[in-house]
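Visitor: I am new to this structure. Please show me how to read it.

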Amino acid sequence: MRTHKSPFSGLRLATAGFGALMLTVVATAAATAADPVGDDSDVDVNVSIAELTAPGVLAMSVAGTATTLTESDSADPLVREFTGQLPTVTVTDTRDADEIPADAAWYVLGTASDFVGDAGQAPIGAGHLGWAPHLIDGGDSGLVAEGPEVATVVDDDAAPDNVGLVDKELLANTWNSGEVAPEGSWTVTADLFLRTDTTVAAGDYSSTLTLSLFE
Amino acid sequence: MTNNHLTRRQMLIGTACTVAIGLALRPGGAAWADARMQSGDGPEPGEVRIRDLGPGVVQFPLMSSLVVGDTLYIGSRNLTPARVIGFDLTTRRVVSRTDLSSGYAIQAMVASPDGATLYISTLRKDDDTGASVHQWDLTTPSVPATALATTGDRDVRAIAVAPDGKIYVAGGGEPPKPPSLWEVDPTTGAVTNWGTPDEGASIAQAVAATATTVYFGTGSTLPGGAGSPAKLFAYDRATRTPVNILPSEVATAVSVTSLSVLDDLLGVGLKGPGKSLLMNLATPSTYEVIPQTGVQLRRRGNDIYYVKSPSVATYSRTTKKITNLQTRDLGMLWGLDLAGDRLVGASEYGFVAEVYPATKTSTVTELLDVGAPADAQAVMGIAAGAGSVYVGGTGAISRLDLATSTVTRIRLGGEAKDGVIVDGVLYTGQYNSQGMWRYDPASGQPPAQVVAPVTGQNRPLDVCWDAVNGLVLLGAQNDTGGGGSFTTYRPATGAGTTTVNPIDTRQMVRAVATADGVAYLGGDNLSADGPRSTVVAWNPVAGTELWRADPGLPAGIAALATDGHFLFVLGRAASGLAVIDLASRAVVRVVDVSGVATDFGALHCFDGTVYGVSDTTLYRVDAATLRLSTVVTDIDGGWYSGPHLDIDESGVIYTMRGLNLVAVEDGARPRAIAVDVVAEARSMGSSMYLSAKLTNAESGPVSVKVTTAYGQKAFASVAAGKNAVASFNTRQPSIPAGIVAVEVTRAADGASTTRTAAYGAASTG
């Protein structure tokens, strides 16, 4: 397998909260503490914190805020392909059974923005980015499923799933939150692949992939 | 929220960045669009569990009606005991009832000349030695009817009274023995045989009498093609000498189906030529043709009324015009009489129809609403799947919803002789001459015909589903001409095909089975000569024969089943279960089924086990070892025309025990694979997803392949006690109900099965 130095090496994939929260996250990640002004004044502050019991929480975390796609062999000479890996996504559920509605079932969706060039190149639509989710640890019961592979708009097969990550696509879901909750946490990743035609302008591009946890 | 495509049921819980907030959010109260199969805990290994699901079809099926005075008397069909009820035409209530000591159905009744006595005749089973004519004193209706006479023919299909009170009876029922004309003395019950004027006839469906003459109409049904055409004999009552007076114009008719004395005319109904006759009683060679098939001809002045299913028509002798009197579907009226300004008859649908010719209006009274004594009837066919069990009755099917245990009676003309459920939709073969029908319980629409029968192919026998080719398959019999037919229907396109006599000109298609896209047709032959157990392998798409074999079963074929490796061929008359190796096309074994089989029967294959049911016993044959064992003894199903069974997606067997539907869970199934499959449509993001879950209750791993309309997913190994969940994006905001199919293979022995699970229609938002 050939490995190319990618003209898209600067591509960033940020994981962020849903919708508008994404901007906040990016800003927070970039911010640093302000320099202290004047003399330090130490004040002892004491607090005693009891261990959390209830309510438990259903939550999602991502092991990283960026990933890079690098060019790989394309099976189609008319297509350039750039691949990478979604940072591991972890869903945790610390709720007790009686805190979970009987028919609740959590799921994680992902959607990507268009790839924007850093030097005024035309953007690459999010439909060019596809993924193939894979469970890393789906739990012992087998009640967590990875989402279906979503290929891109340049894949010539007219299959209905070849739409890219334009809309919200399923990364993983559980059959039933209450039944799997005792397992505590689950991890999933996804193979990411950007496919463009060969006329795409060289340069660095970036997109934001937003992951959201629902129940 | 709209641009987030969230619904009330879907709440954003948190994100990688907002873990500290928002956890008070909970799904709303609405449940998933859930079409889980309701299944309780299965039986223990080795245990056979039988659940009684109540009467199969409860209704008041009927087969005759007659107006006497102000009362419409109605004769039952397939109820035990057979019974007659009196429907008061003024109050429109059922006001009287009598039960008979013999017979399973009442096709003909007539009143004495003074209207005081009702003569009631019966159709009887072969082993019924009771009376064929009963009498009921209408002046004391609370006193039950009594037996009057027993003729030498099994069935009575028509009865008439002469002005002097003598009773004349026509019928038959035991071909090749020809039917006789019988006279019954109303006082003594003495029976006189007036002879068999046509030795080639196999049925007599019509009789009428005047002071001087008895008219006796004959024809043929079974066995196919062997009998005479229709004849109409005029018997001089003084000499008892018959003369065939049927005009040569209609000499090729199949049968005389109706005779009525209409003042100076004889109204003649015929099967076959598309004509009815008005013959001059004094000079029968003078007649007038009504250019339409009709029965139960009645007369008022120059207007002739008759039953033309599913309506009533009138023929004007003045204008020579035919007028249809009803657009309402009346089904088959089993009687027609003039009562004042209206025509009255009882419909196969279970109501009394009163039709006003002057205005072409009608009034319908459901008999069950006005006191008719409904009961569980002998049933026709059965179909189970997608959470429903259907049982075919007379003029109706009943649907048991397993989730709610509710039973719905669905009006459907004729009799559903067999059926199959595909994607939650029922397909039936409808007797008589109604082809294939479709009923979708989710549609809110009544059943509708999807394939009309080819002329003469009147009796559907077996229905199954070819999942490989996406075809409903139907085998049928031609009662009058012999032979049979094979019909395919493709639900995806609505296209239907019928091949007449795919086996030969004498063998009907008694049974149909399918595997790997090949249909197997099993023959049976009611005539004395010719092959009777031919099996034809058939390409149902190309409509071509692939090969044929004959296991030499001496009494014909009763049923077929296949597991894809063997074809199991059940012989009639308990003559054996022949096992044909589909690779070599050779009979590799004939299993002795004499201890469990009787004559007719049904076979179905599930998980490597062939299940069979006879009149007495539910049994199984291990498709690997060919070992026969009994599942339920003394099941004694209340079938009208041969036992049936069906098996749902979970492997639960449905059949009849007596007149009640039963579910049999066979924990002793030799190669049973213990898995459970459920499917749900779920709204996630902008579209509906389809999720399927398999639970492996085996003691070792299984491999799994999930197939849906929206994609496939395979799991190489699902450990014992664990699950596999697959989710598919339908990319639609709403999806119709459907099924997922899950192919499961047990690692330990390679045994495999395909389970299906239904999901309901659902939409986002």
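Guide: The model is predicted: local features need pLDDT of at least 70, side-chain atom pairs count only at pLDDT 80 or more, and totals for chains, interfaces and linings use all residues. Residues are numbered from 1 along each chain as its sequence is written, and chains are lettered from A and ligands numbered from 1 in the order in which they are written.

Visitor: How many helices and strands does the secondary structure of chain A come to?

Guide: Helices (H or I, at least four residues) and strands (E, at least two) are DSSP runs, numbered from the N terminus. Chain A has 2 helices and 12 strands, whereas chain B has 0 helices and 68 strands.

Visitor: What percentage of the residues of chain A count as buried?

Guide: A residue is buried if 20 or more other C-beta atoms, placed from the backbone, lie within 10 Å of its own. Of the 215 residues of chain A, 39% are buried; for the 765 residues of chain B, the figure is 54%.

Visitor: What is the strand order in the open sheet of 4 strands in chain B?

Guide: Strands of a sheet pair through backbone hydrogen bonds, either parallel or antiparallel. Two strands count as paired if DSSP finds at least two bridges between them. In chain B the order is E63-E62-E66-E67, with antiparallel pairing. Strands E63 (711-718) and E67 (752-759) of chain B each have a single partner strand, so one side of each is left without a neighbour in the sheet.

Visitor: Over how many bridges do E66 and E67 of chain B pair?

Guide: Strand E66 (residues 738-746) of chain B pairs with E67(B) over 8 bridges, in the antiparallel sense. Val742(B) stands opposite Arg755(B) in E67(B).

Methods
Buried ≥ 20, exposed ≤ 12 C-beta atoms within 10 Å, placed from the backbone.
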